[in-house]
Amino acid sequence: MSAADFAQQQDLHALYSSHHGWLQGWLRHKLGNAGDAADLAQDTFISVLTADSAPQIREARPFLATIARRLVAHRYRRQVLEDAYLEALACLPPDVAPAPEERLLALVALQEIDQALDGLPAPVRTAFLLAQLEGLSYAEIAARLNVSASSVKQYLTRANRQVFFSLPA
């Protein structure tokens, strides 16, 4: 292990030791659920670890809270997506409802698409969802978003490219 790697490991250890308890408590207060708080606290530190950002952190708590808020929003969005899918399935007659394995595969695919769309501007994501889920035309999407049809075309091109290159092969 190089000296730089050791120093980075020490920075992360110090950050974790000093702030994990606080972050987990803060998340528990926000979420009202100790289990979810523990999971999201761990996910927050994993984000710091994978981004190699521990050495650059000046104000640890605001930095960690920002990451945690983003992860809470992602979790909430995924839950809303999953609930909507399961609600739509509940409306299907039993003879055409997918098998549990197919449901799980569809949920995984929805989560992968959601993750692929993450980071895109809201109008781009919305245009993609309106086209894919509601089958709206460029003109209908343009009217909903109050933009031109050529903007919708650009949005959909960008979103489709993002999804295509983000999903596993």
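Colleague: Let's start with Asn146: is it buried or exposed?
Modeller: Asn146 is exposed, because its relative accessible area is 71%. The cut-offs are under 20% relative accessible area for buried, over 50% for exposed and partly exposed in between, with a 1.4 Å probe and protein chains only.

Before going on, this is a predicted model, in which local features need pLDDT of at least 70 and side-chain atom pairs count only at pLDDT 80 or more, while totals for chains, interfaces and linings use all residues. Residues are numbered from 1 along each chain as its sequence is written, and side-chain values use heavy atoms, leaving out hydrogens and water.

Colleague: Okay, and where does Asn146 lie?
Modeller: In the loop between helix H6 (138–145) and helix H7 (149–166). Helices here are DSSP runs of H or I with at least four residues, strands are runs of E with at least two, and both are numbered from the N terminus.

Colleague: What is the phi of Asn146?
Modeller: It's positive, about 60°, although Asn146 is not a glycine. Most residues other than glycine have a negative phi.

Colleague: New topic, helix H3. How far apart are its end C-alpha atoms?
Modeller: They are 44 Å apart. H3 has 31 residues (60–90), so at 1.5 Å a residue it should span 45 Å, and the two values agree. The expected span is 1.5 Å times one less than the number of residues.

Colleague: Which residues of H3 are buried?
Modeller: Ala60, Leu64, Ala65, Ile67, Ala68, Leu71, His74, Tyr85 and Leu89. An α-helix has 3.6 residues a turn, so residues three or four places apart point the same way.

Colleague: And Ala90, buried or exposed?
Modeller: Ala90, also in H3, is exposed, with a relative accessible area of 64%. From Ala90 to Thr50 is 40 residues in sequence and 39 Å in space, C-alpha to C-alpha.

Colleague: Why does His19 count as buried?
Modeller: Because its relative accessibility is 16%.

Colleague: Back to H3. At what angle do H3 and H4 pack?
Modeller: About 145°, with the axes of H3 and H4 (residues 100–117) 10 Å apart. Axes are lines fitted to C-alpha atoms, for helices over the stretch in contact, and angles run from 0 to 180 degrees between N-to-C directions.

Colleague: Which residues meet there?
Modeller: Among them, Arg77, Arg78 and Leu81 in H3, and Leu107, Leu110 and Asp114 in H4.

Colleague: What does Asp114 touch?
Modeller: Not counting residues up to four places away in sequence, Asp114 touches Arg77, Arg78 and Leu81. Asp114 counts as buried because its relative accessibility is 11%.

Colleague: What about Leu104, buried or exposed?
Modeller: Leu104, in H4, counts as exposed at 53% relative accessibility.

Key: Contact means heavy atoms within 4.5 Å.
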